[in-house]
Every structure is written in structure tokens, then in C-alpha cells.
Amino acid sequence: FDPTIFRVFRILRLLRLVNRAKKLKLLIQTLIWALPSLSNIGWLLLLIFFIYAILGMGLFGGTPYDDHNPNSFLNKHCNFDTFGNSLITLFRVATGESWNGVARQLLPDECTFMNGGQACGTYAATFYFLSFVVTVAFIILNVFIAIILEQFQESFNAELTNTLSITKSDVEAFDAAWATFVDEPYKWYRPSNDGYLWCNVKHFELILKKAGGCFGFRDQHLTKLERFEFLQQLQIPLHRRYTHATQRAEIYVQYYQVLLALALQVMTQRHGHWIQSQIIGHTQFAKAAIHRQSDWNIAKKLLKTQCTSIDGVTLIQIIAAIKIQASIRGYLCRRRLRNEWF
């Protein structure tokens with residue numbers, strides 16, 4: 001025994017490349033995850049082989065053959081005399097190796113000719129081999145491929161969903177920041193009240209500054225210019241809403257519209273503009289914008305609000321006006337204090 005033969009296993013070091021190649025790793029994981037489903041089809045395939053092997057022994061068992069004739073398809077390795085040989089023959093037929101020659105030689109005319117006039121064979125060979133080839137080679141084996149492709153698609157969708165989706169913690173961090181600026185918090189005993197879904201537009205930037213996760217600015221350490229560019233790209237509808245607290249109509253934004261616009265902007269920054277059409281088209285990516293599917297169904301209803309929409313004015317214009325007003329107020333306040341002290 002030569003122990004140096006184990007050096008051949010050094011080729012297994014190439015498996016280390018699997019961790020570096022994501023696509024290859026995904027393919028191998030797909031094959032591993034598909035094994036339970038493939039085992040079920042494998043047992044079904046074994047059952048079909050068992051049934052056809054028994055039928056072959058009953059139909060073609062004892063058929064004479066000349067093992068020394070090179071033109072004979074039937075020989076000591078290809079026959080239906082025993083159960084083992086039947087399985088081997090059926091495996092050969094399943095691979096497509098001269099299965100038509102075996103079937104033809106089991107017909108009465110060909111079998112009688114190959115055995116020097118001795119009557120043998122049966123016309124049932126035609127139906128037997130055709131049904132076996134169609135069932136195994138054209139159906140069962142294609143089912144194997146279909147299961148692997150389906151598992152690969154599921155694995156790809158799962159990876160894509162994990163990459164694209166907004167996590168629950170991101171939504172909860174945004175909800176916590178949103179709740180601090182709403183006029184009235186959510187109350188379960190007043191389901192018709194939707195005040196918790198509306199926030200004054202003057203508080204919108206403060207919500208993003210306070211919110212963590214991918215929706216907020218707190219953990220991203222953006223400059224003022226970068227924050228302004230982010231807000232400029234947001235497409236959030238504005239609504240004029242009357243409130244009893246102020247006794248006047250003010251400009252508000254709606255929770256689900258804000259969340260959807262933020263998710264669209266975040267995923268566009270991560271993956272490019274190709275995803276924008278997917279989300280706007282309400283495909284499966286749209287549900288990633290709202291973390292829970294039930295919330296997405298509610299959002300589609302609440303997007304049709306009865307509040308008056310404001311056309312011709314964008315969110316960034318309102319925020320810019322608020323900043324200008326704040327700067328002017330600050331300048332006037334500093335000027336007044338300077339005059340009082342000096």
C-alpha cells in the first residue's frame with residue numbers, strides 16, 4: 001500500500017474557492033437544499049425501475065441470445081433473466097444506449113432471426129420500452145432538473161430579498177422617531193382616528209435626523225449638502241390638512257407615503273435606478289418598501305387620502321423655505337439681542 005496516494009486529495013483544496021465565489025456558493029447550497037426533494041423523486045424512480053424490472057422478467061425472461069454474436073444486443077450483461085440483470089438493462093435503456101436495438105431484438109421477427117429460427121420474443125416489447133423511455137428519460141429526469149431549477153430560483157429570490165428588503169429594525173427606528181412628532185399618538189380604541197399617520201412637514205427633517213437605521217440620518221454621518229441632496233431626490237406628496245389644535249390648515253406628509261418614498265430612495269442608492277420601476281410597478285419589490293405585507297395592503301388604501309393634495313410645490317421647496325425662515329428669525333433675534341446689550 002502506497003500512502004502517497006493520499007496526495008491526490010490535495011485537489012480538494014480548490015473547494016476553498018467556494019467561499020470566495022458567491023455564485024458558486026449559491027449553486028452548491030442550492031444542490032444541498034434540493035436533496036430532500038430529489039430524494040423523493042429518487043424513491044419514485046426506484047419504484048418505477050422495480051416495477052419495470054419485474055414486468056421485464058415476466059415478459060422477456062428466458063429469451064435466448066447468442067453471447068458470442070457481436071451483432072446481438074442481448075448478452076450476458078443485457079437481458080431480463082434475473083432481477084439484477086433487469087435493473088442493469090433498464091439503467092442502460094434509461095441512458096439511451098441502444099435501447100431501440102434491445103427493443104427490436106425482443107420483437108418476434110428479429111428475435112427468431114437472431115436465434116436461428118427458434119420462436120421467441122413478443123410484440124409487447126414496443127409498448128414496454130416506449131412507456132419506460134417516456135416515463136423515465138423524458139419525464140422523471142426532467143423533474144429532477146425542474147426541482148433543481150426551482151430551488152435555485154428560490155435561493156436566488158431569498159438572497160435578493162435579503163439584499164433588497166428593509167429590515168424590521170429600520171422600520172421600528174423610523175416609527176419611534178415619527179411617533180415623537182405626530183399630533184396625536186395611536187390609540188387602539190379609536191381606530192377611525194388617523195392622526196398618528198400625519199406629520200407636519202416642518203418636522204420632517206427633524207424626524208430623519210432623529211431616526212436611526214437606513215431611513216434616518218443619525219447613523220449615517222452625512223454632511224448638510226448630502227442631506228439636502230437626499231431630501232431633494234425624495235418624491236413625497238404634500239397634503240393640506242386641517243387640525244383642531246391649530247384651528248387652521250397646514251402642510252402635512254403621510255406616514256406610508258413617506259416610508260415608501262424613503263425605501264425607494266434607499267434601495268435606488270444601493271442597487272441603481274433599475275429597481276425604481278419595480279417598486280413603482282407594485283411588484284414583489286414594493287412589499288420590501290413596507291416591511292410587512294399587511295402594512296402594504298393598508299398603505300394602498302391610505303394612499304387615497306381625502307386630504308387636499310398640493311400641486312406645484314415640492315418637499316424640498318418647503319424645507320428650503322423653512323430653513324430660510326429659521327435663518328432670518330435667527331438673524332433678527334441676534335440683531336435684537338445685540339442692540340439690547342450694546
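Trainee: Where is the place of Ala 177?

Mentor: Ala 177 has its place in helix 8, which covers residues 168-179; helices here are DSSP runs of H or I with at least four residues, strands are runs of E with at least two, and both are numbered from the N terminus. This is a predicted model, in which local features need pLDDT of at least 70 and side-chain atom pairs count only at pLDDT 80 or more, while totals for chains, interfaces and linings use all residues. Residues are numbered from 1 along each chain as its sequence is written, and side-chain values use heavy atoms, with hydrogens and water left out.

Trainee: Is Ala 177 buried or exposed?

Mentor: Ala 177 counts as buried because its relative accessibility is 2%, where buried means under 20% relative accessible area, exposed means over 50%, and partly exposed lies in between, with a 1.4 Å probe and protein chains only. The C-alpha atom of Ala 177 is separated by 8.3 Å from that of Gly 212, although the two residues stand 35 residues apart along the chain.

Trainee: How far apart in space are Met 57 and Asn 79?

Mentor: Their C-alpha atoms are 8.9 Å apart, and in sequence Met 57 and Asn 79 are 22 residues apart. Met 57 belongs to helix 3, residues 35-60, and is partly exposed, with a relative accessible area of 30%.

Trainee: Which cysteines form a disulfide?

Mentor: In general, a disulfide is a covalent bond between the sulfur atoms of two cysteines. Counted as a pair of cysteine sulfur atoms within 2.5 Å, one disulfide is found here, and it joins Cys 111 to Cys 120, with the sulfur atoms 2.0 Å apart. The torsion about that S-S bond is about -115 degrees, so the disulfide between Cys 111 and Cys 120 is left-handed, and both of these cysteines are buried.

Trainee: How accessible are Cys 199 and Cys 333?

Mentor: Cys 199 is buried, with a relative accessible area of 0%, whereas Cys 333 is partly exposed, its relative accessible area being 33%.

Trainee: How many salt bridges does a search of the whole structure find?

Mentor: Side chains of opposite charge can pair when their charged atoms come close. With a salt bridge taken as a side-chain nitrogen of Lys or Arg within 4 Å of a carboxyl oxygen of Asp or Glu, the search of the whole structure gives three. One of them is between Glu 205 and Lys 323, at 3.1 Å from N to O. This pair links distant parts of the chain, since Glu 205 is in helix 9 (residues 204-210) and Lys 323 is in helix 15 (residues 315-341), 118 residues apart. Glu 205 is buried at a relative accessible area of 11%, while Lys 323 is partly exposed at 34%.

Trainee: Which residue forms a salt bridge with Arg 336, and which with Arg 218?

Mentor: Arg 336 pairs with Glu 340, the closest N and O atoms being 3.4 Å apart, and both residues lie in helix 15, four residues apart, which is about one turn of the helix. Glu 340 counts as exposed at 54% relative accessibility, and Arg 336 as partly exposed at 44%. Arg 218 forms a salt bridge with Asp 219, their closest N and O atoms being 3.4 Å apart, and Asp 219 counts as partly exposed at 45% relative accessibility.

Trainee: Which residues form a positive surface patch?

Mentor: Patches are made of residues with over 30% relative accessible area and no salt bridge, like charges being joined within 9 Å and nonpolar side chains (Val, Leu, Ile, Met, Phe, Trp, Tyr) within 5 Å. Arg 7, Arg 10, Arg 13 and Arg 16 form the positive patch. Arg 7 is in the segment before helix 1 (17-20) and is exposed, with a relative accessible area of 53%.

Trainee: How much accessible area does the nonpolar patch with Ile 5 have together?

Mentor: This surface patch, with Ile 5, Phe 6 and Val 8 among its members, has about 940 Å² of accessible area together. Ile 5 has its place in the segment before helix 1 and counts as partly exposed at 49% relative accessibility.

Trainee: What is phi of Ser 98 near?

Mentor: Most residues other than glycine have a negative phi. Ser 98 has a phi near 55 degrees, a positive value in a residue other than glycine. Ser 98 lies in the loop between helix 4 (83-94) and helix 5 (99-105), and is partly exposed, with a relative accessible area of 23%.

Terms used
Areas by Shrake-Rupley, 256 points an atom, 1.4 Å probe, with all protein chains shown as cover. Lys, Arg positive; Asp, Glu negative; His and termini not counted. Charge placed at Lys NZ, Arg CZ, Asp CG, Glu CD.
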